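Look through the model below before reading on.

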Amino acid sequence: MEKLGLNEIRERYLSFFESKGHLRLPSFSLVPENDPSILLINAGMTPLKPYFTGAQVPPRKRVTTCQKCIRTPDIDNVGKTARHGTFFEMLGNFSFGDYFKKEVIPWAWEFLTEDMKIPADRLYITVYKDDDEAYDIWNKVVGIPAERIYRFGKEDNFWEHGEGPCGPCSEIHFDRGAEYSCGKPDCKVGCSCDRYMEIWNLVFTQFDRKADGSYERLAFPNIDTGMGLERLACVLQGVGNLFEVDTVRRILDTVCEISGKKYGEVYKDDVSIRVITDHIRSTVMMVSDGVVPSNEARGYVLRRLLRGACRHGRQLGIKGPFLIKLAEVVIEDSGDAYPQLKEKADYIKKVIAAEEERFSATLDQGMVMINDVIEKAKVSGNTEISGETAFKLHDTYGFPFDLTRDVLSESGLTVNEEAFRACMKQQREKAREAIKNRESSWSGKEAVIPKDIGETKFLGYEKLSCDGKVICILKKNGEGALETANTASQGEEAVLIFDKTPFYAESGGQEADGGEIVSDNGAVVEIINVTKTNDKRWMHSVCVVDGEISVGDECKLTVDAAKRKATARNHSATHLLQKALTTVLGAHVHQAGSSVNAERLRFDFNHMQAMTPEEIEETERIVNEAISAEYPVTVKELPIDEARKLGAVALFGEKYGDIVRVVDMGGYSVEFCGGTHVKNTSSIGLVKILHESAVSAGIRRIEAVTSLEAIKYYKGKETLLDEACDAARATSLDVVDKIKAQGEKVKELTKEIERMKKEKASSGVDDVIKGAAVVNGITVFTGRFDDLAGDALRELAEKIRDREACSLCVLASAFGGKVSIVAMASPECVKRGVKCGDVIKKAAQMCGGGGGGRPDMAQAGGKDIGAIDGMLEAVKSFI
């Protein structure tokens, strides 16, 4: 058996199946595309579901991948044993209606015994009890003795999930040796002990399960295999668990180095070491795929993993930030297999550092809060803290439950775990419901297009007008679903499919073309929108303006040239903008979304904080420099590897075929892109950034305009400047100075007015004092000062209140058309039971308003100015 490193095993596997005619695809993003049923990719075949279901056409009928996967159901057990982990890599080879059992079974055996040199006598096979075909191939073709082939039932060797494609499977097990055995005399394959470890599962999807439980054989069966890379590495490296595998062990050793702990000596320390080792792998991979820490969905999973690693670092006695150093180990060891790790290294470390710093502060704050909980419990004599309190600490403040439990335990207290779990369950159910409510392309809402309708040939890159033939018409039926029709008449909306079209279909963030279609018989059709299906049918949503259009009609399709050009300017500007952002903010910047139409562009990108005004100004300057540089814009279709060698930037998380379209702006900006663009950057004219804002945690958005829209923006500013000059009686050269001078003058005059108001009010204070009434030993002052409001009214009330040791002062004003009321009570008055909050509430109700405050001071507002005098008269009765 050849001892190989994890990275070499991965490469050997993928190369082996490439030699068998498979297309090697890079790992899909951990973020599922158009699949709301899961938060994160958890199996090798998951991102390939559209190919298995027929929703999409695979790039080749034979595919092989090494897929990043994350599973979190056992997250609470991670670290407690060496068997559990959240991140793993799944090797897989797949057939979409091509080869089947007689090919895949011998290939699996060949790879394990010849390529990996695993001794054949240590491998055991399981098959479904009724799958004689698989049994015979293993026994008669491969030559496995019957005593090393086991037949099991549906529970172990049949893959199905309700109705739909399903089938038997065959598993390959490795005998790890007697030292891993449970010691029972009947220990064999299928035993729950660690001796016989499943390393590869071959699923034969050959049936379609019907609603009545019957099975119908598929005309074109599929193959779906999965083998855990870390498990295979355990076998080849002769180690006991995934934490001993070479690349994972390097992370673990780094944790020990940072903490000063030795692995294998103290169980509690080992738990923390394993948790940190596992969680940093998941964290780095998730961040590299665009996930950012948040309080919901996959962002919450990431936050929990990150914070779990931080917390266990503290338990090991690690002082200060340490996760970045571990992230660097992951990036170094896995960067060749997953190039985006190296490409996004700065960004990955920035996200991790920010969350680690944030959680460190959370832990400090949480300790203060939990100490307060402990003190209150001791005072009240409680020995158990409610689950709701623990949940609030966990959910609102990010304080981990097990840490809450440990801290309470040290103080002789317990926590109601059952109530806590109930709160957590309710939160998870809400999250699942939110996921279900997201729109998905799996919803079945797409129109059913007849299978004999061919692809649409898109000519829009070369021309803005072409002749085309109507090959399908779809119209809504009474239930709102699209169904085929022969004609569409004046005033009707419909979806038309042509054999050829110049109309760009909405995709990649770019809005569809507008325009007009005229048939040979004179029907005129206006474009509403254009989309395209996965199998390359262009869906023209239209309104028939005049006449009637029918299937088979020959038509002239003409794009709105002005709209196309304006949209192209904005799309090209987004490429220059991304390049400028990487220059100003750093190489971690990547596109997180975009929206481009004829009026404006919107560009979303990852960055952890708001851009400064200086950064925005510098970005805009760089973009306009690139426009002025008059870079020629060329478009080429290239093999993807060749495009990458040119340094072409791919859309983050996007999947591409063997041939990609590359837009090159004079070598300054080179990106994969299927959109429409200018011929030269000078055609953009200029760019003006309008706004920079937050979209979500770690995602920023820039909105900008170009060309004529930018000129319109500046024209608006010019008009505004002219109006300001007229108002200030100034020129554009001195208008700012004059406005500043006038502002200072206004401040001076305002201060003078306030002084005069206070003087006037002071003259009325004597009247208030003279009119004071004594109620039950309390001096009650009331007065109306319509020139005062806010702070001035409060200051005056305070001065009047202090005239007597036991007094209540209630003042009101009708300033600005609204009622303002303030009540103040002296300390002695409060001791006698007067509460300003109660007084102000009654006073405000009489004036059609509301308010409240402390016993010694309260304020309120109201709407009924006419009620002020009556309210002030009634104050004495409130006591």
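Strand S24 (residues 601–606) is mostly covered, with five of its six residues buried (under 20% relative accessible area, 1.4 Å probe, protein chains only). Strands here are DSSP runs of E with at least two residues, helices are runs of H or I with at least four, and both are numbered from the N terminus. This is a predicted model, in which local features need pLDDT of at least 70, side-chain atom pairs count only at pLDDT 80 or more, and totals for chains, interfaces and linings use all residues. Residues are numbered from 1 along each chain as its sequence is written, and side-chain values use heavy atoms, leaving out hydrogens and water.

S24 pairs with two strands, as the table shows; pairing requires at least two DSSP bridges.

| Partner of S24 | Sense | Bridges | Opposite residues |
|---|---|---|---|
| S23 (residues 591–596) | antiparallel | five | Ser 595 and Arg 602 |

A hairpin of four residues links S23 to S24.

## Helix H10

Helix H10 (residues 323–334) has twelve residues, and at 1.5 Å a residue it should span 16 Å, which agrees with the 16 Å between its end C-alpha atoms. The expected span is 1.5 Å times one less than the number of residues. Among the buried residues of H10 are Leu 323, Val 330 and Asp 333. The helices that its buried residues pack against include H1 (6–18) and H12 (345–380).

## The whole protein

The protein has 24 helices and 35 strands. Of its 879 residues, 48% are buried.

How values were computed. Buried means under 20% relative accessible area, exposed over 50%, partly exposed in between (1.4 Å probe, protein chains only). Contact means heavy atoms within 4.5 Å.
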